[in-house]
Amino acid sequence: SVRVAKTLDEDAIERHKRKFIEPAAMLHAIQKVYGDQAKAKAMAAYGRLIDAHMLVTGVLAAGPLRINGAIAAADQTAFERDALFADFVIGLEPCEAAIAEARYLQANAMLRQELEILAQLKAVRANRRKLNGAPNVAVLEQSLPRLYGGLSAAAHVSQHHIVQTATSWDGEMEGLPGPTNFTRSFSETDDELARKSYALHGYMTIRLVEELRLDLARRYEGAAFTEHENEALHFAVDRMISEGMLELVDTPTCES
């Protein structure tokens, strides 16, 4: 058979771009406006959880900054764990942005990945990493595996009621002829869901810091967590407890 390569009609593409630039810009603007509004509401809903978040991310950054550029002996386990730590850190901002801007289905997909990163870190440390498939989240402490099913359902958009909750409009509906369902294509803040999602993200970051602490102490001279860093983690946990997002039985240990 003979394959004929079609030459792109650049003039036609430009004509279509001019035609559709306005609706494309409108769609982008709507997402930006409602995302910014949702973020302002989320910041208010978070309350003092923001304190815990700042402490945890500060400690998370402080350790690697101490070893930035350092050279140390490493094996395959170290290589794999370093990559997993980096992946979690790279995803911090988009995950937090999705939660703050009320893009909850997308946020749940990223929260699910954070949970899997934690499970994978433990699997690698125990030399039990699967070559294919998701890690066994049962290796995590009890409160986290219980959430995996719900996060997966949101990530896979497999249950209509979850998708509907994230896209239904509950605003004014006066003057309608009967029961009517409205679907919105913009984000809207749910205060309780925002707090719970933000707290879960923060708690998993604490668990990541615990794993990081093990590697720093084992692989780098003088890189172990300081007294101030351990104390900051304790305060972060205390803040999450006082905000009703953690129970004492589930708090991680942060001793040096």
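## Arginine 125 and its partner

Let's start with arginine 125, which is partly exposed at 39% relative accessibility. Keep in mind that this is a predicted model. The side chain of arginine 125 meets that of glutamate 211 in a salt bridge, with N and O 2.9 Å apart. Arginine 125 sits in helix H5 and glutamate 211 in helix H8 (residues 191-219), so this pair ties together parts 86 residues apart in sequence. Glutamate 211 has 4% relative accessibility, so it counts as buried.

The pair also belongs to a network, in which salt bridges with shared partners join Arg81, Asp82, Lys122, Arg125, Glu211, Asp215, Arg218 and Arg219.

The whole structure holds 20 salt bridges. One of them links aspartate 51 and arginine 239, at 3.3 Å from N to O. Aspartate 51 is in helix H2 (residues 49-66) and arginine 239 in helix H9 (residues 227-242), so parts 188 residues apart in sequence get tied together. Aspartate 51 is partly exposed at 28%, and arginine 239 is partly exposed at 24%.

Another pair stays within a single helix: glutamate 116 and arginine 112 both lie in H5 (residues 104-125), 4 residues apart, or about one turn. Their closest N and O atoms are 3.5 Å apart. Glutamate 116 is buried at 15% relative accessible area, and arginine 112 is buried at 17%.

Leaving aside residues up to four places away in sequence, glutamate 96 touches His53 and His201.

Terms used. Residues are numbered from 1 along each chain as its sequence is written. This is a predicted model: local features need pLDDT of at least 70, side-chain atom pairs count only at pLDDT 80 or more; totals for chains, interfaces and linings use all residues. Side-chain values use heavy atoms; hydrogens and water are left out. Contact means heavy atoms within 4.5 Å. A salt bridge is a side-chain nitrogen of Lys or Arg within 4 Å of a carboxyl oxygen of Asp or Glu. Helices (H or I, at least four residues) and strands (E, at least two) are DSSP runs, numbered from the N terminus. Buried means under 20% relative accessible area, exposed over 50%, partly exposed in between (1.4 Å probe, protein chains only).
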